[in-house]
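Visitor: I have a model open on my screen and would like to walk through it with you. Could we take it step by step?
Guide: Gladly, let us have a look together.

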Amino acid sequence: MALGRHMRVIESKNSRYKVKIFCRFYSMSAIHPQTSQHLSLPLLPYCNKHKLLGSSKLNLLKSTHNSDPHHRHEPSIIMTPIYSNIPAHGTVLDIGGSDMSTSVRDRLLAVLLDSHAPGTTPVMPDELLYNDKGLAIWAEIIFTPEFYQTADEIAILARNSTEISDYIPQGVTMVDLGAGYVDHSFTDLRKVENLLAVLEKRRSSSTYLALDISRVSLKTNIDMLTPMHKNVTCAGLWGDFNRGLSWVADLDPAIPRLFLSLGSVLFNDSWDTAVANLKRWASLMRPQDLILAGMDGHTIQNHREKIWAAYHAHPDLYAKFWSNGFAYANELLGEEYLRDEDWECCAELEDHEGRHRFFFKANKDVAIGDKTLPKGFEFEWFDSHKHDEEDVLKMCEEAGLSVIKSWHAPDSEMRKSSVLSALHCLFTGSNEC
Ligand SMILES: C[S@@+](CC[C@H](N)C(=O)[O-])C[C@H]1O[C@@H](n2cnc3c(N)ncnc32)[C@H](O)[C@@H]1O
């Protein structure tokens with residue numbers, strides 16, 4: 001019996017086979033060796049979503065087409081894994097982006113309607129801020145001079161993309177987690193374009209997939225990148241991180257993958273949450289896969305003013321950002337429950353957590369349907385964690401990732417303090433799918 005490389009026969013009795021499946025989805029056909037006729041194969045693949053591993057009973061029916069004893073050979077089975085299709089150059093593939101609003105709405109309702117344990121502050125989903133309009137405002141914010149993180153990452157990529165590309169295997173598929181949006185009226189340099197330009201010049205055939213929740217931003221980015229690249233296929237994946245994770249898990253294992261986490265996407269959380277999140281991506285990785293992760297290594301203790309300025313030098317832009325988030329929340333609630341003027345925007349730098357956090361306080365009783373949020377009710381929205389290089393190394397170790405190289409921003413302050421923004425090239429060599 002011919003089985004694909006992701007299958008093993010673990011039990012065979014008469015014409016019944018138990019087959020172990022090492023990958024998630026298969027198309028299946030069985031062909032009788034003599035008659036070349038397709039046979040009926042009732043296969044019920046068992047799929048453990050997380051481990052992508054399971055066993056399944058395969059009832060292989062002996063041919064009923066020919067009773068001639070010379071023809072009583074086992075039919076051969078061709079099992080072809082169904083892998084994720086790489087979208088075509090210049091396109092955006094919907095991998096769940098169009099039905100994501102329900103889960104964001106559920107999390108929003110939980111903040112507004114659930115009861116919260118004393119001493120805890122509910123957290124509004126960041127996804128409310130990153131809709132099509134919100135991401136355009138965010139693009140304005142990150143290109144203000146005080147928002148050093150963007151300038152640092154651009155500088156690191158501009159200086160080191162040639163060296164970084166030496167680590168990138170031929171035929172790679174890059175998935176840019178939370179790719180964001182860049183309006184060319186702010187800059188003509190995209191972070192990632194530095195790297196793509198090197199790959200393009202090397203005529204290295206590769207694929208760049210921007211993953212994000214805003215379809216408009218994806219479309220804008222991909223429309224911009226497509227004419228610039230012939231050797232690098234550029235396309236978008238419209239969906240959230242969970243959908244991205246499943247989609248990526250089903251990529252052909254022969255294709256090496258590079259997960260890009262620019263703008264601190266993967267490390268921007270409290271220690272345990274960030275490590276748990278890193279582990280989810282690390283668990284997918286095969287030996288040739290890599291993560292290239294940017295992380296803001298400025299610490300609250302050493303860079304208070306610089307960090308504060310990044311989030312407070314342009315209150316008008318942030319006001320637009322929040323206002324758009326409230327408007328999107330109301331759209332999902334179907335009623336204008338959240339009004340800008342009812343909420344005071346507060347912020348602080350927390351030394352113990354190592355983060356900047358925004359939080360909102362109701363300045364009067366706020367009715368949400370039958371429920372009233374009392375004056376003084378607080379929710380958090382949009383915190384920014386800072387982890388220096390030592391932290392990043394420890395977090396990676398906990399997540400089972402090795403850091404193979406780090407590049408730092410060419411900042412004069414580097415001489416004074418330990419580490420500023422950095423890009424880390426991470427990899428793990430376990431868990432083959
Ligand atoms: C801090 S920005 C980083 C943007 C970009 N990588 C950069 O370096 O500037 C976070 C990005 O993640 C996206 N995002 C937020 N929540 C997401 C989710 N649940 N799934 C996928 N993308 C998400 C946002 O739309 C935004 O583009």
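Visitor: Is leucine 278 buried or exposed?
Guide: This is a predicted model, so the answer comes from counting C-beta atoms around the residue. The cut-off for burial is 20 or more other C-beta atoms within 10 Å. Leucine 278 has 24 of them within 10 Å, so this residue is buried.

Visitor: In which helix is leucine 278 found, and which residues does it touch beyond those up to four places away in sequence?
Guide: Leucine 278 is found in helix 7, which covers residues 271–282. Phenylalanine 267 is eleven residues away from leucine 278 in sequence, with 7.8 Å between their C-alpha atoms. Setting aside residues up to four places away in sequence, leucine 278 touches Leu266, Met395, Ala399 and Leu401.

Visitor: Which residues have the most contacts inside the largest nonpolar core?
Guide: That core has 61 residues. Apart from it lies another core of 25 residues, including Val104 and Phe321. Inside the largest one, the residues with the most contacts are Leu260, Leu278 and Leu292.

Visitor: How many residues of strand 11 are buried?
Guide: In a regular strand, side chains alternate between the two faces of the sheet. One side of strand 11 has Leu290, Leu292 and Gly294 and the other has Ile291, Ala293 and Met295, all of them buried. For strand 11 (residues 290–295), the count of buried residues is therefore six of six.

Visitor: Why is strand 8 described as largely enclosed, and how many of its residues are buried?
Guide: Both faces of strand 8 are covered. On one side Ser206, Tyr208, Ala210 and Asp212 are buried, and on the other Thr207, Leu209 and Leu211 are. Strand 8 is largely enclosed by the rest of the structure because the buried residues number seven of seven.

Visitor: How many bridges join strand 8 to strand 9?
Guide: Strand 8 pairs in the parallel sense with strand 7 (residues 173–177) over five bridges, and there aspartate 176 stands opposite alanine 210. Strand 9 (residues 232–238) also runs parallel to strand 8, with valine 232 as the bridge partner of serine 206. Strand 8, helix 5 and strand 9 make a right-handed β-α-β unit. The number of bridges joining strand 8 to strand 9 is seven.

Visitor: Which residues does lysine 219 contact, leaving aside neighbours within four places in sequence?
Guide: Lysine 219 is found in helix 5 (residues 215–225). It counts as partly exposed because it has 18 C-beta neighbours inside 10 Å. Glycine 90 is 129 residues away along the chain, yet the two C-alpha atoms are separated by 8.3 Å. Leaving aside neighbours within four places in sequence, the contacts of lysine 219 are Val92 and Gly236.

Visitor: What is the phi of arginine 203, and is this residue buried or exposed?
Guide: Most residues other than glycine have a negative phi. Arginine 203, in the loop between helix 4 (191–201) and strand 8, has a positive phi near 50°. With 9 other C-beta atoms within 10 Å, arginine 203 is exposed.

Visitor: And phenylalanine 382, is that buried or exposed?
Guide: Phenylalanine 382 is found in the loop between strand 16 (378–380) and strand 17 (384–385). It has a positive phi of about 70° although it is not a glycine. Because it has 22 C-beta neighbours inside 10 Å, phenylalanine 382 counts as buried.

Visitor: Which residues come nearest to the ligand?
Guide: There are 17 residues around the ligand. By class, this shell has eight nonpolar, four polar and five charged residues. Those that come nearest are Tyr130, Gly178, Gly180, Asp240 and Gly263.

Conventions
Residues are numbered from 1 along each chain as its sequence is written. This is a predicted model: local features need pLDDT of at least 70, side-chain atom pairs count only at pLDDT 80 or more; totals for chains, interfaces and linings use all residues. A residue is buried if 20 or more other C-beta atoms lie within 10 Å of its own, exposed if 12 or fewer, and partly exposed in between; C-beta atoms are placed from the backbone. Helices (H or I, at least four residues) and strands (E, at least two) are DSSP runs, numbered from the N terminus. A crossover is right-handed if, with the strands pointing away from the viewer, the path from the first strand over the helix to the second runs clockwise. A residue is near a molecule or strand if its C-beta atom, placed from the backbone, lies within 6 Å of it. Ala, Val, Leu, Ile, Met, Phe, Trp, Tyr, Cys and Pro count as nonpolar, Asp, Glu, Lys and Arg as charged, and the others, Gly among them, as polar. A nonpolar core is a set of buried Ala, Val, Leu, Ile, Met, Phe, Trp, Tyr and Cys residues joined through C-beta atoms within 7 Å. Two residues are in contact if their C-beta atoms, placed from the backbone, lie within 7 Å. Two strands pair if DSSP finds at least two bridges between them.
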